[in-house]
Amino acid sequence: MSFIHLLQSKVWNVFKKEYGANVVELNSVYINVKTIPFFRIKIGYAPKVNFLLQQVDFHSLSVFCKTYGISFIRFDSPNNFSGTEDAKKVLELLNKYCVKSPRSSISMKTIFINLHMPIADLLSQMHHKRQYNIRLAEKKGVTINFDSSEQALIRFIKLYKVTQNRQKFFGYSDLYLRLLWKHFEKSLFFAEAYFQNNICSSWLILNSEDVYYYLYGASDEMFNSVFPNDLLGFRVIVHTKELGGSFLDLWGANDNKGYTEFKKKFGGVVVEYIPSYDFLLNKAAYYFFNSAYNFFWLLPYPIKKVINYLYKRLN
């Protein structure tokens, strides 16, 4: 299975440009040129590059970096799967021109559900507790709705803020989500779970090259007792299959995390990507950035939130 990832698609990067990102296309690779606040260090960020399908010329890359004053480019979580013959070729190339990154911003693992399988088989491969909860949610009256309208977007944003405040993660702004909806309106939908006319959960599902991505989720935990997300996940699988999808990417599977165990119970296969790599030009700036970035993650959440806000404003 080899494909161009959503994050390297043209429409995604047009969206990012309108949001304010300094995205540059070099050959067939999209690179987001970022400025580190206060230090005037520029880095290039190229997530999910498929080194088999996208043209990466390291000589051109070197010229590009010198032109833009970029210290290094991070190829974050390349879209090539570990443990394959193709991975060996890619790693040979990356080890020749790059160094392995000390940290990845995107999870190195994800869970793929094969939508070519019959629905009965998709259900049977789920954890027995998940199957039970799906039936229980239906019995209790949980209903599922698929909607791509602006009203669904508004409902998602409201629930997303509730989730962000509860879980204390660095979420996206209203403007970001509205622009995302604007650019992907015809290839995304919101999967919503309702209980007694109350919205319990909403998942933002986006399609690119017949791969559907569970991009963002939002929920109200007061309805957890009726298992809305169990039913919602199953119905998303069925719906994306009916839409002609090949795979559903549940986006992210980190060891010993609760959300990973939740996703794994839908069945599917855990796949691992090859490591992230950095293409260096300025070693001093590179090592300074990595030290500062590691220190950032040691800071209390309120301070990280302020720094993250300033960073996004400048990028």
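**Figure 1. Helix 8 of the predicted model is largely enclosed by the rest of the structure, because twelve of its 15 residues are buried.** The model shown here and in the other views is predicted. The buried positions of helix 8 are Pro228, Asn229, Asp230, Leu231, Leu232, Gly233, Phe234, Val236, Ile237, Val238, His239 and Thr240. Helix 8 covers residues 228-242, and at 1.5 Å a residue these 15 residues should span 21 Å. After helix 8 comes Gly244, which has a positive phi near 95 degrees.

**Figure 2. The largest nonpolar core comprises 33 residues.** Trp12, Leu180, Leu204 and Tyr216 have the most contacts inside this core. At least two core residues come from each of helix 1 (10-19), helix 6 (150-167), helix 7 (174-184), strand 8 (188-195), strand 9 and strand 10. Apart from this core lies another, of 30 residues, which includes Val142, Phe189, Ile237 and Val238. Of these, Ile237 and Val238 are also among the buried residues of helix 8.

**Figure 3. Surroundings of Tyr216, one of the residues with the most contacts inside the largest nonpolar core.** Leaving aside residues up to four places away in sequence, Tyr216 touches Trp12, Phe156, Tyr160, Tyr172, Tyr176, Leu177, Leu180, Ser202, Trp203 and Leu204. Among these partners, Trp12, Leu180 and Leu204 are likewise listed with the most contacts inside the core.

**Figure 4. Helix 1 packs against helix 7 at an angle of about 140 degrees.** The axes of helix 1 and helix 7 are 10 Å apart, and the crossing is right-handed. Helix 1 contributes Val11, Trp12, Val14, Phe15, Lys16, Glu18 and Tyr19 to the contact, and helix 7 contributes Leu175, Tyr176, Leu179, Leu180, Lys182, His183 and Phe184. By class, the contact of helix 1 with helix 7 has ten nonpolar, one polar and three charged residues. Trp12 of helix 1 and Tyr176 and Leu180 of helix 7 take part in this contact, and Trp12, Tyr176 and Leu180 also touch Tyr216.

Figure 5. With a relative accessible area of 40%, Asp210 is partly exposed.

**Figure 6. Asp86 and Arg103, each shown with a second residue for which a C-alpha separation is given.** Asp86 is part of helix 3 (residues 85-97) and is partly exposed, with a relative accessible area of 36%. Between Asp86 and Tyr277 there are 16 Å in space, C-alpha to C-alpha, and the two are 191 residues apart in sequence. Arg103 is in the loop between strand 5 (99-100) and strand 6 (109-114). At 29% relative accessibility, Arg103 counts as partly exposed. A distance of 17 Å separates the C-alpha atoms of Arg103 and Asn80, which are 23 residues apart along the chain.

Methods. Residues numbered from 1 in each chain as written. Predicted model: local features only at pLDDT ≥ 70, side-chain atom pairs only at ≥ 80, totals over all residues. Heavy atoms only, no water. Buried < 20%, exposed > 50% of the residue type's maximum accessible area, 1.4 Å probe, protein only. Core = buried A, V, L, I, M, F, W, Y, C linked by side-chain atoms within 4.5 Å. Helix = DSSP H or I, 4+ residues; strand = E, 2+ residues; numbered from the N terminus. Contact = heavy atoms within 4.5 Å. Expected span 1.5 Å × (residues − 1). Axes fitted to C-alpha atoms, helices over the stretch in contact; angles between N-to-C directions. Left-handed = near helix turned anticlockwise from the far one by under 90°. Nonpolar A, V, L, I, M, F, W, Y, C, P; charged D, E, K, R; others polar.
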